[in-house]
Amino acid sequence: MLIITSCSSTKRVSVPAALRAARYCSSTPDAFARTWVRNVRAASNLYAARDVYGGPAIASATRAATTLACSLSFVSAGVSLVDGDEAIPGYDLTVSSGSESAPAPLRRGSATPGDWWLALNKAYGVNNPFESAMRKHDGLILVALPSSYLRMVEANLLALSDSNRKRLRLLTIGRISVAANLQPQVIEYDARLANLDGAPRGTQSSAIQRALVHFASFLKCRPEATGIDIQRKWVSDALARTVIRERPSRLIQTDAQIAKWIREQDPRSERSQSALLRMLRAGGLACEQKRFRRIAELSRAKTQ
């Protein structure tokens with residue numbers, strides 16, 4: 001068995017200047033990928049992939065892999081599909097829309113994340129990294145990817161043989177768009193995940209990995225039940241026993257308003273960002289976790 005999840009923007013290691021995507025301006029995905037991969041291969045400081053990525057989503061995926069005593073791999077927009085023990089450098093590249101850390105063709109809107117993924121693997125000399133991973137691992141392949149990453153690698157998953165596609169379990173949150181030939185492999189969760197016993201609590205950014213923890217708890221108890229119909233019933237029955245928790249109503253603030261709030265609440269920069277975010281939300285104000293981290297880091301940089 002193998003778990004495949006996404007990498008994270010939180011890097012726990014240093015990032016060399018040569019591996020910051022914002023530095024490069026190649027006009028096509030292929031040209032950008034060739035330069036990028038050349039610099040990845042030239043990097044001298046390498047770390048196990050599992051030690052590079054951090055954050056709640058990674059912690060949940062690691063917990064699921066431990067529960068099932070299986071391997072954990074990461075879909076990375078910078079280094080392709082990598083095993084948790086594989087040595088990689090620190091890097092700063094994302095396919096998030098509008099990010100300065102996205103490859104230049106994505107920033108300009110002339111390429112899609114799927115275009116970049118194909119160009120990246122071509123530069124690495126790999127046709128379909130999922131095929132390679134499936135040859136190394138027996139049994140089910142649990143894929144817990146945010147919808148943006150699932151769309152990015154969709155062409156690779158569709159290119160798998162019928163027998164290999166049937167080994168996939170594609171965990172999703174809500175009714176997202178999935179290609180027809182992949183739909184039979186979907187295990188669907190929804191907003192009731194927040195109230196399921198055995199699923200960690202957390203923010204929306206780690207929801208798919210928290211669903212993975214819940215699904216792994218079922219598989220551990222019944223490893224012999226490999227059919228997807230019964231596995232879907234586990235999830236649908238569990239969801240049916242709970243209800244969607246009403247989301248609290250919070251006031252939306254501008255970046256400047258949140259930065260001012262941070263300075264007022266923590267003038268000496270003594271509190272952790274997570275503690276400050278809890279305080280903000282408890283006070284009836286709204287802010288997504290990644291956005292809050294960005295604002296807090298900029299605010300603190302200006303006061304130093």
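This is a predicted model: local features need pLDDT of at least 70, side-chain atom pairs count only at pLDDT 80 or more; totals for chains, interfaces and linings use all residues.
Residues are numbered from 1 along each chain as its sequence is written, and side-chain values use heavy atoms, with hydrogens and water left out. Local features need pLDDT of at least 70 and side-chain atom pairs count only at pLDDT 80 or more, whereas totals for chains, interfaces and linings use all residues.

**View 1. Arg50 and Asp85 form a salt bridge (a side-chain nitrogen of Lys or Arg within 4 Å of a carboxyl oxygen of Asp or Glu).** The N to O distance is 3.1 Å. Arg50 belongs to helix 2 (residues 49–52) and Asp85 to the loop between strand 4 (80–83) and strand 5 (87–88), so the contact ties together parts 35 residues apart in sequence. Helices (H or I, at least four residues) and strands (E, at least two) are DSSP runs, numbered from the N terminus. Arg50 is partly exposed at 30% relative accessible area, while Asp85 is exposed at 57%; buried means under 20%, exposed over 50% and partly exposed in between (1.4 Å probe, protein chains only).

**View 2. Lys233 and Asp237 are joined by a salt bridge of 2.7 Å, N to O.** Both residues lie in helix 11 (residues 228–240), four residues apart, about one turn of the helix. Lys233 is partly exposed at 44%, as is Asp237 at 31%.

**View 3. Asp255 and Arg291 meet in a salt bridge of 2.8 Å, N to O.** Asp255 lies in helix 12 (residues 255–265) and Arg291 in helix 14 (residues 289–303), so parts 36 residues apart in sequence are tied together. Asp255, Arg291 and Arg294 are linked in a network of salt bridges.
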